[in-house]
Every structure is written in structure tokens, then in C-alpha cells.
Amino acid sequence: MKEDNCLHAALICLGMLYYSHAITTEKLNHARPSLHGHHEKGKEGQVLHRSKRGWVWNQFFVIEEYTGPDPVLVGRLHSDIDSGDGNIKYILSGEGAGIIFVIDDKSGNIHATKTLDREERAQYTLTAQAVDRNTNRPLEPPSEFIVKVQDINDNPPEFLHENYHANVPERSNVGTSVIQVTASDADDPTYGNSAKLVYSILEGQPYFSVEAQTGIIRTALPNMDREAKEEYHVVIQAKDMGGHMGGLSGTTKVTITLTDVNDNPPKFPQSVYQMSVSEAAVPGEEVGRVKAKDPDIGENGLVAYSIIDGDGMDMFEITTDYETQEGVVKLKKVLDFETKKSYSLKVEAANVHIDPKFISNGPFKDTVTVKISVEDADEPPVFLKPSYIFEVQENAASGTVVGKVHAKDPDAANSAIRYSIDRHTDLERYFIINAEDGNIKTIKTLDREEIAWHNISVFAVEVHKQHQEAKVPVAIKVVDVNDNAPKFAAAYEAFVCENARSNQQFITISADDKDDSANGPRFIFSLPPEIIHNPNFTLRDNRDNTASVLVRREGFSRQKQDLYLLPIVISDGGLPPMSSTNTLTIRVCGCDSNGSLLSCNAEAYILNAGLSTGALIAILACIVILLVIVVLFVTLKRQKKEPLIVFEEEDVRENIITYDDEGGGEEDTEAFDIATLQNPDGVNGFIPRKDIKPEYQYMPRPGLRPAPNSVDVDDFINTRIQEADNDPTAPPYDSIQIYGYEGRGSVAGSLSSLESATTDSDLDYDYLQNWGPRFKKLADLYGSKDTFDDDS
């Protein structure tokens, strides 16, 4: 097949080449000029010569894809002025000149040296000129011409896509458009039929067809069913040359999928479903599943289930599982095997979405019968009531019957039942139950005021099946008995003024009763019969469970009696009534004229008798003023105590440091070493002054410092003065030095002259004569008596 196509193509190419050569030759002959002179006469008989153009612009054609052994002759240029003697030279320039197209400069023949492809380039623009071979002088004006590449059918049709995908609804009418495929041909559409395409279907018949001119694929069969076949593979061919023999072709594949429509109703695969469920199942438990098959997909295949009839409509329900498209039958109520052993249901499955176009294919639903059998289960005992409430009076004797619970075995065996109390709900063991008949009794005395309700649980267990048990709550109310007398609602303490008026109310009291309201209020307040005519106080019942205490007489005195105890009887409204006597403590207090409380103790009363209130206030004011004066005096004294010199305020026995610049560190410190002014006994060597920075270390001369225990004070002072005068590092001003140390004690004792004239001292002060001339005066004053008399 391919060899025949190649042969046909070769023959066509040879024919076109021959045709092109003939046309080219003819055109060259037409283009070949005949140059003759044209003579005209002027007005004055002058003959003018006008040169005529020897060759004109034209088009040349060359067939594409020529693969002959020799270069293809494109055409020939010839000028009329060319006499054939070789003096004219033809020059070719422009697109492809010298590379693709070459010209014989003598003959003017143009050849194509390379194979041309019209799809790459359809034409070339060239310029030809005739010049004198010797002088290169143009003999003709340059002229452009076009070389057109003549098309051959060398490109097959190509589709835009190698594979196409399309969808069409199932059961579509014949001729329904599916998809349009498009092919293109690179050949010249204006020349021949090389690019004229015709579409045809190679595969996919008889289901689909294609329009030959447009490439539109359409359905060719009616009622194509997706459920029978969903996908089709179609091969479309595009052929050029108008579809005639010898044309080139291309193909593409089209995958066509039938989309679903709701054209199938749901259908149950069987007419009856059998299911079973235990009577012990709880509501909501799944019983079984049914499924209606629908070959449609997506929303067209959605099925909803419902129960439309049957004796089990109240006991069961059905829901739809949309993931599996199943109907789930569930239990709706508790079953009883002994009551009913089987049920029947009629279940319907219907499509959710119905297509009106196919309503005639309906009905789109189906029904099925579901039979459910109830299985017997070993059930635990069942109490006749879900809960029990009993009452018992408080203070009832032990063994009093509270109530009775009853349970039965629902199974056909009807096993015997035993009862017991859950001791976690009766930790104090107030009750006991008869295991055989379920009677509950007390085993302790109950007190409503301690526990008003007892909530216990009772178990019922089958005798022969201990694992089967039931549990029921039992609430026991303790009924109140009037066994508590009323008492004061609070610990009252009353106060009455000394100047209280007669019948004046000074306190209101109330009562409280632990018994229930039926045995409590209303409360009755009264005084005991023996003091009903109490001369000091009286009682008034307000009939609202309160009472008011009033003063019966005027004029109370704390000095005579500051405390009264008033007994009050309170009775409740129970049957029989209970009463109690409560004592009210009443204090006598001092009050002002407005009745405001001032004081309630007897000591304050006695003090008040000696001094008036104004006197007490005056005494307190004087005390406060004296305290203020003392504080001010101490404060002023502290402020006036100022140091005599600047350094005394900071004399904490440390160095006084002055920094004259911002650097230098410890070597820059100038200070007095006050340690030298301390105890001389603690000085072990000479300590230089630090008020200036010495240029060199000054060492004291040996022998000048007296021993620490020397008593020659004159020598000590002279030595110090000499050291200060001879110290080269000392400043030219005096330094203030404070001697804070007074010594360990002087052999001379006190130097005070107080009482010296009246005191006969037996001390000998003659040693002052040895201290030098500075102490001579003292020696004369305090020397021996004989010496003193002689001097006087």
C-alpha cells in the first residue's frame, strides 16, 4: 500500500515538474526582450533615440521537494541588448541569491541549488540586473521578480489532539452531536486539493457517524444503554486530496462514554427477607438489612426505604444507608417473646430522583416482605414499679414495717426471686429486707431531724441464676413527730437604759423549732406563772412568731443592780404541743437623753460619780498637750545639737576622703588618718598623714617617740610638735586633730577643782613637780600641805 502511494506521488511530482518547466520556458520566452530603437523627430527635425526596456518583471515557479540529480532550472533572464557576444553580464541579488539561487552571468539561466519546502517558505524576492562585463556599468535598470515555490501534496492531515474524550447521555436520539474533531494540512489550500480534507469513520460503527466536511461525530443508533455498554472507542480519519485516491491521511481516537440517566427502577432480588432478633435487644439495635438493586449510578441510583405496612410498624423502623444503598431495619421498642413471637413488615424501595423523560418506564419503586422472628432470651427479674416511695414515723420502734417491693421473672420458667439491700446505699444499716417476700423493716430508731429521707437500692436475683439480677430505687420518708421544743432563734442579750420609760419596748425575740412546720409554728410566748406579775419587765406576744419585751417601771440603777435574768416560756403548735423555758439576759446601761447607749459597766458608773464628763475631757486634753510639748522639746534639742566642726558630724572613726580629680584610684585619696588620734596604746608605729600625697615616705627619727606607757606627757607633746614642724610633707597650714581617746586612767586622778577646798585628800601630788614648768602651777595648787603653806 505504502509503495503504491510512493509511486503515485513520484508520478505526480514528475508531471508537475514537467508542467513547471514548460511554463518556465514559456515565461522566459515571453520575458526575453527584443531591444530595438525607437526614432522620433523633434520640432526642428532632430532625431531622438529613446531606449526601450529590454526585460520586464515576472514570476518564476519552482516545484518544492525536487530531488533530481541536477539543479532545477528556475528560469532565464535575457535582455534585448544582449547580442550574444558575451559583453553583458547578468547579476542576481536578493533573498537566497548565491545560496539557493544562482545565475549564469552569461546566459542568464537561474537554477535552484537546494531542495525547497513551501511549508517553510512560500516565495523569494530577487533582483536582476544587466551590466557591462568590462566596465560593470548598468545597461538596464534593476528589476525585481518573485520565485514562488509550487506546492505538492507532501504533508498528511494532522488532528489537533491525538486522543479525544467525549460524553453523551444514554438513550440519546439518532443524530445527537457528540463532539467535533478537527484536522489541519500544512499544504497550500489555494493550490489544488492538497489541503482539502474529508473525514470518515474507521471504527465505531454502527453506533456513531461523522460528518465528512465538518468532523462532527453523531450518534447513529437509538436507545444505546449504558448498563449494557458504557464506553466506545471510535477512530476518525481525515484524508486530503478531497478524499480521492493518492491523498494522504491522518487518524485520531475518540473515547465516547455514555452518561447515566434514570431509566431503571430499583428491584429487590428476592420477594421475602427472613430476620430474627432477641427479646433482650435494646431499642436502636440493628435487626437486618435489605437492598434493592438499581443499575443506575450517582443520584439516579439513590434509593430510599420505608415501611408501608405490617403488624410490626410500631415495633420496628427502617433507615437508608446511602453509602451501601441498603435499608437498615432497627428495633424501635422493647420486645417480649412471651407476648409476641414474630412480626411482618412490608418495605418499599423508591428512587429519590426521577427523570420525567423516562417516567413511562416506571414505576420507579419496588416492595418486599420482611418477616422478623423474636427469639427468647433469659431475662433478669422485673420489678412491678420502676421505683418505690415509703413513709415511716420517726422514733418508730425497731422492726417497724416500712413497705414491700415485688419483682417477677419474665421468662416462662418464672424462677423464684430473692431480695437484698445494696449496703452501699445503707451504710448505717437502718433497714433490713425479707429475702423471700421483699418486706422492708427498720432495725434502728429514725430521727427526722438528722435524716429526713433515706434513699436505698434493692436487688432482686433469680434463685437458680445468680447472674440475672435487677435493681430498683426505694425512697423512705421519715414522717415528723413533735419531739423538739422551740428555743430562742439566737443568743439574745438585751440592754435597758437607766432612764427607760414605763412600757418602753427594748427588744424583740423570735423562736426556732427543729420539727417540721406542722409541729412548729405558730409559737406562743409567755412568762412563767410564778413571775407573771414581774415588777420590772413584761412580755407581749406579737402573734407572728415573735414577742416584744417591755419595761414595766421607770428608773433603773446600775449601782444597785446591773443585770436581770428574765425566763420566757415558748410553746409550739404541735400535737401534743412542746414548750421550753429560755432565759433572757438584760443589762442596765447608761444612756444619754436621746436614749443612745454610753456604758454598761459598774466601774464606769462609779467614776462618773466623782468626775463629770467635762472634767474627764479636760484632763485628757491636758495630757495630750503635755505629750505634744515633750515631743517638740526633744525634736528641737536634737536639731540644735550641731557639730562644732564640719568633720565632727561624719566622725565615724573612718577616713575623710576627698577626690580632687576623676582618676587615680586609691593613690588619689587625701585624708586624715583619724586612727592616729585614737588610743596611743594601739599604735605600733608611725602612721603618716594623708591629707596630701607625699612625694616620699617620711620616717620618724629614732629615739624621738616615747614608750607607749611613758608618763612624761610634756615630752610626748613636744615630740609631736617637733615631728609636725619638721615634716616636709605637711601643708603650710594647721590641721584640726581631735583626740577622742581619754586614756586608761591617770595616776593623778580627776583634775576637777570642785569640792577640793572642802575635801581633805590624803593624795600626794608632789610628782607634778617632775612634769616640767607647765605643770608647776598645778604642783603648787595640789602639792604637799607644807609646800602650799610656805608659798602662801
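This short talk covers salt bridges in the structure above.

First, the ground rules. This is a predicted model: local features need pLDDT of at least 70, side-chain atom pairs count only at pLDDT 80 or more, and totals for chains, interfaces and linings use all residues. Residues are numbered from 1 along each chain as its sequence is written, and side-chain values use heavy atoms, with hydrogens and water left out.

What counts as a salt bridge? A side-chain nitrogen of Lys or Arg within 4 Å of a carboxyl oxygen of Asp or Glu. The count by that rule is 19 salt bridges.

I'll also talk about burial. Buried means under 20% relative accessible area, exposed over 50%, and partly exposed in between, with a 1.4 Å probe and protein chains only.

Start with R226 and E227. Their side chains form a salt bridge, 2.9 Å from N to O. R226 is buried at 8% relative accessibility. E227 is partly exposed at 26%.

Next, E348 and K365. Their closest N and O atoms are 3.9 Å apart. Strands here are DSSP runs of E, at least two residues, numbered from the N terminus. E348 is buried at 18%; K365 is partly exposed at 44%.

Now E498 and R558. This salt bridge spans 3.5 Å, N to O. E498 is in the loop between β36 (493–497) and β37 (505–512), and R558 in the loop between β40 (546–551) and β41 (563–571), so the pair links parts 60 residues apart in sequence. E498 is buried at 17%. R558 is buried at 7%.

Last, a network. Salt bridges link E286, R289, D321 and E326.

Technical notes
Helix = DSSP H or I, 4+ residues; strand = E, 2+ residues; numbered from the N terminus.
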